[in-house]
Amino acid sequence: MESAVQFLDMGGYALFVWPAFIMVAIVMTALLIWSWRDLRRERQTLELLAERRGSGETAGTGNDA
Amino acid sequence: MVNWHRLANPKLFLTWSRRVLPWAAVITALLLAVGLYLSLFVAPPDYQQGDTVRIMFVHVPSAWMALFTYTVMAGASAAGLIWKSPLSHLTAKAAAPIGASFTLLALATGALWGQPMWGTWWVWDARLTSVLILFFLYLGYMAIWQAIDDYTRAAKSAAILALVGFVNVPIIKFSVDWWNTLHQPASVLRLDGPSIHPTLLTPLFVMIAAFTGYFIVLLLIRLEREILARQAQTLRRAQARG
Amino acid sequence: MLVVVFFVLTVTLFPLGVGPEASVLRRIAPGVIWVSALLAAMLSLDRLFQVDFEDGSLDQLALAPLPLELVAAAKCLAHWLSTGLPLLVISPLLGILLNLSGEAYGTLLLAMAIGTPSLSLVGAIGAALTVGIRRGGVLLSLLVLPLYIPVLIFGVGAIDAALVGLGGNAHLLVLAAILLIALPLAPWAVAGALRLNLE
């Protein structure tokens with residue numbers, strides 16, 4: 001218990017050490033999630049487009065894209 | 001082993017990238033876990049700086065990424081202009097936000113390190129100043145992609161800018177160093193070079209490796225997204241034409 | 001000549017901002033003059049190719065037998081003659097307004113003479129890259145100002161060195177080196193940027 005407190009205290013520099021690590025963690029996680037979400041969305045869009053293309057040609061309708 | 005030339009083909013690249021990505025992610029996660037363990041639990045506090053020295057384990061890798069990413073960006077831009085390889089410009093585009101983020105992280109963690117060590121959040125230290133300017137270079141690069149709608153024009157303009165910036169980085173670095181030695185307050189603690197204790201070096205290198213792995217993972221994801229976005233754009237245009 | 005007005009006006013703002021104390025102004029004079037010159041040079045950049053681009057004469061120039069690199073270099077020279085040179089001529093006057101010490105004027109003129117051509121050359125790259133962009137002015141400043149930093153540092157450094165009696169030769173040499181790097185590379189980059197904007 002005491003050692004955990006001591007560890008978190010970082011020799012009195014907790015206010016500087018932890019924000020640095022947390023900030024890096026947040027930015028790295030956020031970038032990863034954003035990029036991954038963008039990729040998934042792009043994959044869906046592409047599938048949709050390919051689908052529409054297939055059906056659009058048989059139905060002979062123009063698409064609004 | 002890998003036929004690099006064939007990877008320049010988007011389709012082949014995607015198959016390759018999807019196969020590599022999980023492995024890269026696992027290796028990166030392992031490196032990151034080991035690196036964090038070493039830097040938070042194993043590395044001893046510095047005799048001068050105490051535990052603030054641990055900030056180095058995220059600060060230095062961030063700064064490394066800031067420079068490394070710019071190099072990748074400039075290299076890819078050059079390849080795009082010279083060999084017109086289809087993926088080069090997209091690689092540079094995908095890398096830029098990663099570089100900008102790490103540049104910002106390097107600045108922020110630097111400020112958090114500076115406050116307890118120098119007694120101020122920001123000093124016009126040569127390194128901090130150069131990194132700040134590097135951040136502006138990233139912003140300019142990203143802004144020009146944003147500003148131009150036509151893909152080919154945007155790609156080539158951004159590539160020219162990246163190369164002009166790349167030629168300038170050493171000149172800027174040199175001039176900022178010169179400027180700084182003239183204005184350097186004598187009390188600033190030197191943090192650089194071989195004075196780092198070896199017990200601190202291992203965690204540092206592991207963290208640098210982990211950050212580089214993270215860069216690769218993120219770049220593969222972002223690059224695939226850019227490729228798909230390009231394909232979607234071409235499809236849309238083809239459909240609009242009827 | 002509007003550039004010169006802008007230059008003088010910007011410099012005038014500083015005493016109003018930091019106070020009229022002669023010693024303070026003397027201390028910051030080299031920096032103020034150079035920063036204002038940077039801004040003035042940058043502000044006149046966005047018209048460098050824009051007019052020719054809009055009325056199609058840029059296309060003519062690109063098709064002409066003259067290499068576009070040469071046209072680009074000529075444009076840079078024109079920009080320097082219409083911007084850098086007037087700034088250079090007026091800068092001693094601003095030095096007087098800011099109580100700059102007598103021994104610095106020679107170096108000020110030399111530094112401006114060697115430094116401002118680099119501003120035109122590097123700035124032209126930014127101007128060429130943003131030529132087709134609507135409201136490209138802000139983007140242009142984002143692209144160009146970071147690249148101006150070395151000129152600023154050594155331009156001011158030369159004057160400061162002269163002020164403390166060290167002589168600004170080392171700084172002037174670096175400014176000359178920067179110019180020598182920019183001179184062959186910039187027109188090449190400008191021409192490349194123009195070509196792809198004309199495609």
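I looked up Trp121(B) and found it partly exposed, at 46% relative accessibility. The scale calls a residue buried under 20% relative accessible area, exposed over 50% and partly exposed in between, with a 1.4 Å probe and protein chains only. I note that this is a predicted model, where local features need pLDDT of at least 70, side-chain atom pairs count only at pLDDT 80 or more, and totals for chains, interfaces and linings use all residues. Residues are numbered from 1 along each chain as its sequence is written, chains are lettered from A in the order in which they are written, and side-chain values use heavy atoms, without hydrogens and water.

Rings of Phe, Tyr and Trp (its six-membered ring) pair if their centres lie within 6.5 Å; planes under 30 degrees apart are stacked, over 60 edge-to-face, the rest tilted. Phe16(A) and Trp121(B) make a tilted pair, 6.0 Å between centres and 50° between planes. Phe16(A) is in helix H2 (residues 14-59) of chain A and Trp121(B) in the loop between helices H4 (88-118) and H5 (126-147) of chain B, so this pair joins two chains. Helices are DSSP runs (H or I, at least four residues), numbered from the N terminus. Phe16(A) is buried at 17%.

I then looked at Phe13(B) and Trp16(B), a tilted pair at 5.9 Å and 40°. Both lie in helix H2 (residues 10-42) of chain B, three residues apart, about one turn. Phe13(B) is buried at 7%, while Trp16(B) is partly exposed at 23%.

Last, I noted an aromatic cluster of Trp64(B), Phe68(B) and Phe215(B).
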